[in-house]
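The following paragraphs lead through one structure. They begin with a single side chain and end with the chain as a whole.

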Amino acid sequence: MKPSYSLFFHKTFLRSDLARVGVATSPGSIAVPKEREWQRIGFINLPLEPPFQIKSMKDILFIFFNHEAFRLLFCIIWLILCGMIECFMAQLSDIRYNYVYPGKTPALQDLLFDAFPYLSNVQLVNYLLETTIICTVIGLALQSPDWTTRWTILRRWCFIMGWLYLFRSITIVVTTLPSPLRDGCIAPALSLSGSVGQRFGAFFETVAGNDQSCGDNIFSGHTCVMASCALAWRIHARANRILGWLLYLIAAAGILMIIFTHYHYTIDVLLALFIVYVSWYIYMRCIRDATMHYVLGHELHTEMSVFDTNGGMTAKEKYQFLVCQPHPLGSRILMWICMYADGLDIRLRSLGTFDSRGKWRRPQPETQQTMIEC
């Protein structure tokens with residue numbers, strides 16, 4: 001029998017290890033199909049889950065105006081707000097830069113600046129940045145099995161990037177360094193004497209890559225975006241590893257180009273890589289702990305709960321002997337914030353773990369034990 005195109009596509013582009021465990025199928029397919037529960041947000045009454053197939057104009061409205069889309073809108077607004085705060089802080093940093101470093105101050109000594117060749121075309125960084133974003137968005141959109149997965153990935157990216165912009169707005173204003181540009185940098189006139197409207201408009205110029213600030217050094221925002229795209233692909237992609245390595249090479253080329261063009265110091269890039277990875281790890285850890293807590297009934301100290309459930313007091317004592325951590329390093333409030341941004345409570349309602357009003361249906365001990373044994 002001649003193999004179908006879908007089977008050829010599945011074997012060629014989807015990762016075989018995910019296919020064996022059934023991850024390549026739609027995650028939304030495990031939701032309770034018969035419970036079409038509705039919930040009211042303000043004056044709008046909508047289903048808890050978006051439709052997986054568009055059969056009418058009403059389904060299109062549900063896709064863009066249901067709970068998943070509301071959370072996505074919240075995360076986009078959060079990203080824009082944090083980006084504007086970072087833009088205003090960069091302008092404040094330019095004012096201080098003009099006072100501390102009048103004229104074209106030479107850059108600080110940087111080891112990789114001396115080791116690598118210098119390229120004067122800074123726009124190469126923006127081109128590679130845009131390519132990384134486009135490849136990530138299109139690739140993950142095509143690979144995602146349903147709208148719930150697409151919204152979840154996009155919300156995660158927007159929420160974490162908003163946090164990175166907010167944190168970066170603090171670091172660029174507390175310490176002012178000389179610009180790494182070889183020809184020096186003069187603070188733009190808009191930052192020094194621009195009107196309120198012009199300062200708001202500078203946000204869109206910054207997004208387009210047409211505005212160059214002198215004081216926004218630590219840490220690299222371009223590296224944050226490209227590293228976040230690479231991590232989003234690493235976590236969510238179902239494609240063959242060849243496509244993944246292609247994206248990683250594009251992101252790595254963009255990050256190296258930041259150093260080649262002296263767009264940022266090497267320390268800016270290194271700090272950005274570390275902060276991005278830690279931010280993604282903390283966020284995903286909060287989602288994992290919340291899932292273990294609400295689905296299996298584990299305590300917030302997840303590892304301790306697993307040892308206690310499977311091995312009793314002896315295993316619990318062994319865990320403490322090996323790890324020496326009687327209290328978890330985490331925050332319940334942070335977990336709730338990540339749950340809300342991620343839409344985890346929506347998915348828990350679709351499984352029946354939360355009722356339509358968001359109340360937790362605590363699993364029974366025998367149910368919990370059966371799930372663990374399986």
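**Buried charges and a surface patch**

Arg168 is buried, at a relative accessible area of 5%; buried means under 20% relative accessible area, exposed over 50%, and partly exposed in between, with a 1.4 Å probe and protein chains only. This is a predicted model, in which local features need pLDDT of at least 70 and side-chain atom pairs count only at pLDDT 80 or more, while totals for chains, interfaces and linings use all residues. Residues are numbered from 1 along each chain as its sequence is written, and side-chain values use heavy atoms, with hydrogens and water left out.

Side chains of opposite charge can pair when their charged atoms come close. Arg168 forms a salt bridge with Glu86, with 2.2 Å between the closest N and O atoms; the term stands for a side-chain nitrogen of Lys or Arg within 4 Å of a carboxyl oxygen of Asp or Glu. This pair links distant parts of the chain, since Arg168 sits in helix 7 (residues 147-174) and Glu86 in helix 4, 82 residues apart. Helices (H or I, at least four residues) and strands (E, at least two) are DSSP runs, numbered from the N terminus. Glu86 also counts as buried, at 10% relative accessibility. Together with Asp216, Glu86 and Arg168 are linked in a network of salt bridges.

The whole structure holds 6 salt bridges. One of them joins Arg71 to Asp345, whose closest N and O atoms are 2.9 Å apart. Here too distant parts of the chain are linked: Arg71 belongs to helix 4 (residues 67-100) and Asp345 to helix 15 (residues 344-351), 274 residues apart. Arg71 and Asp345 are both buried.

Arg285 pairs with Asp289 in a salt bridge, at 3.0 Å between the closest N and O atoms. Both lie in helix 12 (residues 266-296), 4 residues apart, which is about one turn of the helix. Arg285 is partly exposed at 22% relative accessible area, whereas Asp289 counts as buried at 12%.

On the surface, Ile134, Val137, Ile138 and Leu142 form a nonpolar patch with about 410 Å² of accessible area together. Patches are made of residues with over 30% relative accessible area and no salt bridge, like charges being joined within 9 Å and nonpolar side chains (Val, Leu, Ile, Met, Phe, Trp, Tyr) within 5 Å. Accessible areas come from the Shrake-Rupley method with a 1.4 Å probe, and for residues only the protein chains shown count as cover. Val137 lies in helix 6 (residues 123-143) and is exposed, at 51%.

Overall, the protein has 16 helices and 2 strands, and 44% of its 374 residues count as buried.
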